[in-house]
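Open your viewer and get ready to click along. We will stop at a few places, one after another, and look at what is there.

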Amino acid sequence: MMFELKKIITRQSIINSTLLKVTVSILAFIILFLILYGRIYWDKQETKLMNDLLLESLDIKSDIQSKIGTIESLKHDYSLTDEQKKERIRTIIQPEFENKIFCVGYYDIDSNYLIKNKNSISILNDSLMEIKKSNVGFHQLNENEMCCKISIYYKENTVGYIWLYAKNDSMIFNSYNEYNGILILLLTLSALIIIILRKDFKKIGLCLDYFCKMIIDNKEVDKSNEFNNGLPELNPILDKIAYFTDNLKKVNQELESSKSKLTKIMEGISDGFFAVDCEYRFTFVNPETQRIYPDKIILGESLWEVFPQILGSLTDKKLHEAMAEGETIHWEAEGFTSPDEFYEYHAYPFEDGLTVFFRNITASKQQQREFNRLERLNLIGQLAAGISHEIRNPLTTVKGFLQIFASKPTFEQEKGNLDLMISEIDRANDIITGFLSLAKVNSDNTRLQNLNEIIHKVFPMLQADAFHNNKEVAIELNEIPNILINENEIRQLILNLVRNGLEVTPENGQVVIGTLLTENNVVLTVQDQGPGIPPEIQEKIGTPFFTTKETGTGLGLAISIGIAQRHQAIFNFKTGKDGTIFSVVFPVLP
């Protein structure tokens, strides 16, 4: 019971629980006061009753004592019978009893005669016998009855007794009424105090509510407000809180502004950027990263759960190294989901995790490779331009003498060897011509011309080469606009690509020459039916002197790429087990 009461009290607010405690304390005080005061009050009432009995009995004794001589004379008058004597005595004493509020009686010892007033008629005889036997003084007959017995003397001899008898009923009734009046007064005062306290507590609650609202809303203190005036002691606290709140608000605004600027910067970074905590869970991802990996990254998920394929990779090793050592680390590796793409990574550790910047460098890698290749081509071109004429002149002289020797009968027997030497000199001249092609720049021989016309011009020659090797050349030409090109170089480009395709195409196969228009570009395609280019040599395609043919020079594709570059065209190829497609994309000038 006490535990439940305690629970109820603890669930209340401080003000309500305090009011409840004050109410209980007041009621406990009233109960304790009534208990203590009741005991004193009843003792006082009992003493008062005894005093009243004593005073009344002394008054009656005085009256009877003054008439005791007459009574004694009647008792010794032998002319009267006993009944007459008793009647005469009653006549003398009875009037003294009638106006008394208590039960009054006189007992004459000699005549064994008892005289009572009318208030004593209902008193039981048993009680009277007890009175006769009792000693002089006060007697508590039971908890509701009390009597006072006094002796009457005549010539120093006790001749009778006066007794006064009273029941406590009247005293209890009167005392109870008084006691109830006191109790009602106390309860009324207590209720009034509780009402006043409740009103004050309610006002305190409203003042505190207003105080809290001022703090929450960060409003200025209204000195005229009744709630504020109710607790002026809180004004210094409110002013201090308002001061700190204003400072905190300014700091929060600055933090929000800094956060907004930082977020805009992070979101505006063109590179991928993300942050992870110490458990490698994503805490921030910028829009570029979401664009690269759409619908994959969710804040709060682990990096290893989202990208399990990087486990054991170089990126995995570097991320753990940066986290463990707390140092910035840079590396280059494949993408998280695309091994064909290459990325540059920068990991920056901080107290709660890592921030990682990454950039797709696939195009720059390809450009670097292309640049290196072009540098090699440029170097070879410069070398060819420098020495081609110096080599050709002695070769021409040697070839002339060999032709003279071959025409004389003296060298008839060596004619085969001489012809072989002349053919090798011609082959050397062809190589020098290829070198010179690499070193050429786009001259003024370019003009607006249709690519389909050039293909039609070289098609019979290509068809003859294919027919000689039991193969076929087909064309699939679409309507295209004129472009600015050098006809001779484009003829050489087409011849190189088609002849390379015919070499790898099996018998009864075909090489298809095509043209098409895409957006603002004219595309030339040459498709063969060969086995495709092995992956290990794809990066070396176009490198001068690199060839897989036994008798090739390795200059055909290098010259073709050089021609495409001089026309600001893009040279590409796509290969597979069903063959290879070489494409040259020419820009269409306005």
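Start by selecting Ser111, which counts as partly exposed because its relative accessibility is 24%; buried means under 20% relative accessible area, exposed over 50%, and partly exposed in between, using a 1.4 Å probe and protein chains only. Ser111 sits in the loop between strand 1 (103-108) and strand 2 (113-116). Helices (H or I, at least four residues) and strands (E, at least two) are DSSP runs, numbered from the N terminus.

Residues are numbered from 1 along each chain as its sequence is written, and side-chain values use heavy atoms, with hydrogens and water left out.

Next, select Glu72, in helix 2 (residues 14-75). Is Glu72 buried or exposed? Glu72 is buried, because its relative accessible area is 5%. Show Asp110, Tyr154 and Val159 too: Glu72 is in contact with these residues, leaving aside neighbours within four places in sequence. Contact here means heavy atoms within 4.5 Å.

Now move to helix 10 (residues 314-325), which has 12 residues. From its first C-alpha to its last, helix 10 reaches 16 Å, close to the 16 Å expected at 1.5 Å a residue; the expected span is 1.5 Å times one less than the number of residues. Colour Thr315, Asp316, Lys318, Leu319 and Ala322, which are buried in helix 10. What covers them? The cover includes helix 9 (303-306), strand 8 (329-334), strand 9 (342-350) and strand 10 (353-360). Just after helix 10, click Gly326, which takes a positive phi of about 65°.

Finally, zoom out to the whole protein chain. The chain averages a pLDDT of 75, and 71% of the residues score at least 70. Over residues 121-126 the pLDDT is below 50, and this stretch has 4 contacts in the model beyond near neighbours in sequence. Where pLDDT is low, the predicted coordinates should not be read in detail.

Definitions and conventions:
Predicted model: local features only at pLDDT ≥ 70, side-chain atom pairs only at ≥ 80, totals over all residues. pLDDT = per-residue confidence, 0-100.
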